[in-house]
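Reader: I am new to this structure and would like to learn how to read its features. Please show it to me, and I will ask as we go.

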Amino acid sequence: MSVAVYPGSFDPITNGHLDVIRRASGVFERIVVGVLANPRKQPLLSVEERIDIIREALAADGAPADGIEVSSFDGLTVDFCRARGAGFIVRGLRAISDFETEMQLAHNNRKLAPEVDTVFFMTALEHGYVSSSLVKEIAMFGGDVAEMIPPAALAALIRALGRHS
C-alpha cells in the first residue's frame with residue numbers, strides 16, 4: 001500500500017492545502033495529514049482544533065474517509081512517516097520561492113530516511129497566493145478570508161481572534 005504523509009502546521013488549513021490533499025489522495029492509497037505540534041511556534045489554534053477543522057473540511061469536501069487520516073505529531077517528519085508506514089512525504093509548492101526551502105527539507109529528510117521520498121504538488125493557480133500566515137494576518141486586520149479557507153476554518157479563526165483581542 002502506498003502511504004504518504006502530508007505534514008504541516010495547518011494553522012489554519014487553507015483551500016490550497018485541501019487542493020493538495022485532494023490531488024494526493026488520487027495518487028496514494030492512503031494520506032496521513034500530520035498536524036505538527038511544534039513547541040517553538042505559537043499557533044493561533046490548538047492542535048485539537050486544527051485536527052477537528054481538517055476533518056470537518058475534508059468531510060465537507062467529499063474526501064474519501066477511509067483513505068485519509070488526520071493525526072498530530074511532534075519531532076521529525078521522517079520519524080512520523082516511519083511510525084505510519086509511509087514511504088512518501090507530500091509537499092505543496094505555491095511559487096518558485098517555496099522551492100528552495102522545500103528542496104533543502106527534502107534533501108535533509110532523504111539523508112535522515114533514505115526510504116522516504118518527497119513528492120511535490122503544485123498548488124492550483126487560484127490558491128497560489130494563499131498561506132496560513134497571510135490568512136491570519138488579513139483576518140486580524142478585519143479582512144475577508146472566506147474564499148481562502150474552508151468554512152470550518154473560518155468559524156474557528158473568528159472564534160480564536162475573538163479570544164485574542
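Reader: Which residue just after α5 takes a positive phi?

Author: Glycine 142 does, with a phi of about 85 degrees. Helices (H or I, at least four residues) and strands (E, at least two) are DSSP runs, numbered from the N terminus. This is a predicted model, in which local features need pLDDT of at least 70 and side-chain atom pairs count only at pLDDT 80 or more, while totals for chains, interfaces and linings use all residues. Residues are numbered from 1 along each chain as its sequence is written, and side-chain values use heavy atoms, with hydrogens and water left out.

Reader: Which residues of α5 are buried?

Author: Buried means under 20% relative accessible area, exposed over 50%, and partly exposed in between (1.4 Å probe, protein chains only). In α5 the buried residues are Ser132, Val135, Lys136 and Ala139. Seen down the axis of α5, they fall within an arc of 95 degrees, so they line one face of the helix. The arc is that of the directions from the helix axis to the C-beta atoms.

Reader: How many of the residues of α1 are buried?

Author: In α1, 8 of the 11 residues are buried, so this helix is largely enclosed by the rest of the structure. Among them are Asn15, His17, Asp19 and Ile21. At the start of α1, a side-chain oxygen of threonine 14 comes to within 3.2 Å of the backbone nitrogen of glycine 16.

Reader: Which way do the residues of β1 point?

Author: Val3, Val5 and Pro7 point one way, Ala4, Tyr6 and Gly8 the other, and all are buried. Strands pair if DSSP finds at least two bridges between them. β1 and β2 pair in the parallel sense, over 6 bridges, and alanine 4 stands opposite isoleucine 31 in β2.

Reader: Which residues touch the most other members of the largest nonpolar core?

Author: A nonpolar core is a set of buried Ala, Val, Leu, Ile, Met, Phe, Trp, Tyr and Cys residues joined through side-chain atoms within 4.5 Å. The largest one here has 36 residues, and Ile13, Ile31, Val33, Ile54, Val90 and Leu157 touch the most other members. Elements giving two or more residues to this core include β1 (3–8), α2 (47–60) and α6 (151–164). Apart from it lies another core of 11 residues, among them Val5, Val78, Ile89 and Val116.

Reader: What does isoleucine 54 touch?

Author: Contact means heavy atoms within 4.5 Å. Not counting residues up to four places away in sequence, isoleucine 54 touches Phe10, Ile13, Val33, Val35 and Val70.

Reader: How many aromatic pairs are there?

Author: A pair of aromatic rings is described by the distance of the centres and the angle of the planes. Rings of Phe, Tyr and Trp (its six-membered ring) pair if their centres lie within 6.5 Å; planes under 30 degrees apart count as stacked, over 60 as edge-to-face and the rest as tilted. The count comes to 4 aromatic pairs. One of them, tyrosine 6 with phenylalanine 10, is edge-to-face, at 5.3 Å centre to centre and 75 degrees between the planes. Phenylalanine 28 and phenylalanine 88 have ring centres 5.1 Å apart and planes at 45 degrees, so this pair is tilted. The pair links distant parts of the chain, 60 residues apart: phenylalanine 28 is in the loop between α1 and β2, and phenylalanine 88 in strand β4 (residues 88–93).

Definitions and conventions:
Polar contact = N/O pair within 3.5 Å; in protein donor to acceptor, adjacent residues only side chain to side chain.
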